[in-house]
Amino acid sequence: MKYVCELCGMIYDETQGDSSRGIPAGTVFAELPPYYECPRCGSEREAFSRMIIQRKVIRKELPVEAPNAA
């Protein structure tokens, strides 16, 4: 999962960890130390929220056939 700092937009990716803070790859956000701070802006971990990625579904409209005249 990914978490985003609401103050600066920095993304914490659990698969990558945070080498600048000594957090190894694979560390889930819930296991981060309570003193973890955003490496970009220094905000507390409470400033992070889980990223929700929404995929937009694009449907191709089919032409509507005119009814047959009887």
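Modeller: Rings of Phe, Tyr and Trp (its six-membered ring) pair if their centres lie within 6.5 Å; planes under 30 degrees apart count as stacked, over 60 as edge-to-face and the rest as tilted. This is a predicted model, where local features need pLDDT of at least 70 and side-chain atom pairs count only at pLDDT 80 or more, while totals for chains, interfaces and linings use all residues. Residues are numbered from 1 along each chain as its sequence is written, and side-chain values use heavy atoms, with hydrogens and water left out.

Colleague: Which residues form the aromatic cluster?

Modeller: Tyr3, Tyr12, Phe29, Tyr36 and Phe48 form one cluster. The count comes to five aromatic pairs.

Colleague: How are the rings of Phe29 and Phe48 placed?

Modeller: Their centres are 5.7 Å apart and their planes are at 50 degrees, so this pair is tilted. Phe29 lies in the loop between strand 2 and strand 3, and Phe48 is in strand 3, so the pair ties together parts that are 19 residues apart in sequence. Strands here are DSSP runs of E with at least two residues, and helices are runs of H or I with at least four, numbered from the N terminus.

Colleague: And Tyr36 with Phe48, what is the geometry there?

Modeller: That pair is tilted as well, because the planes of Tyr36 and Phe48 are at 50 degrees, with the ring centres 6.1 Å apart. Tyr36 is in the loop between strand 2 and strand 3, 12 residues from Phe48 in strand 3.

Colleague: Are Tyr36 and Phe48 buried or exposed?

Modeller: Tyr36 counts as buried at 3% relative accessibility, and Phe48 is buried with a relative accessible area of 8%. Buried means under 20% relative accessible area, exposed over 50%, and partly exposed in between (1.4 Å probe, protein chains only). Phe29 is buried too.

Colleague: What sits over the ring of Phe29?

Modeller: The charged end of Arg45, 5.1 Å from the ring centre. The rule is that NZ of Lys or CZ of Arg is within 6 Å of the ring centre and within 35 degrees of the ring normal.

Colleague: Next, Arg21. Where is it?

Modeller: Arg21 is in the loop between strand 2 (11-13) and strand 3 (48-50). With 39% relative accessibility, Arg21 is partly exposed.

Colleague: What does Arg21 contact, leaving aside neighbours within four places in sequence?

Modeller: Tyr36, Glu37, Cys38 and Pro39, where contact means heavy atoms within 4.5 Å. The side chain of Arg21 reaches the backbone oxygen of Cys38 at 3.2 Å. The C-alpha atoms of Arg21 and Cys38 are separated by 9.2 Å, with the two residues 17 apart along the chain.

Colleague: And the whole chain, what elements does it have?

Modeller: Three strands and zero helices, in the order β-β-β from the N terminus. Of the 70 residues, 29% are buried. Among contacts between residues at least 6 apart in sequence, 41% join residues at least 24 apart.

Terms used. Polar contact = N/O pair within 3.5 Å; in protein donor to acceptor, adjacent residues only side chain to side chain.
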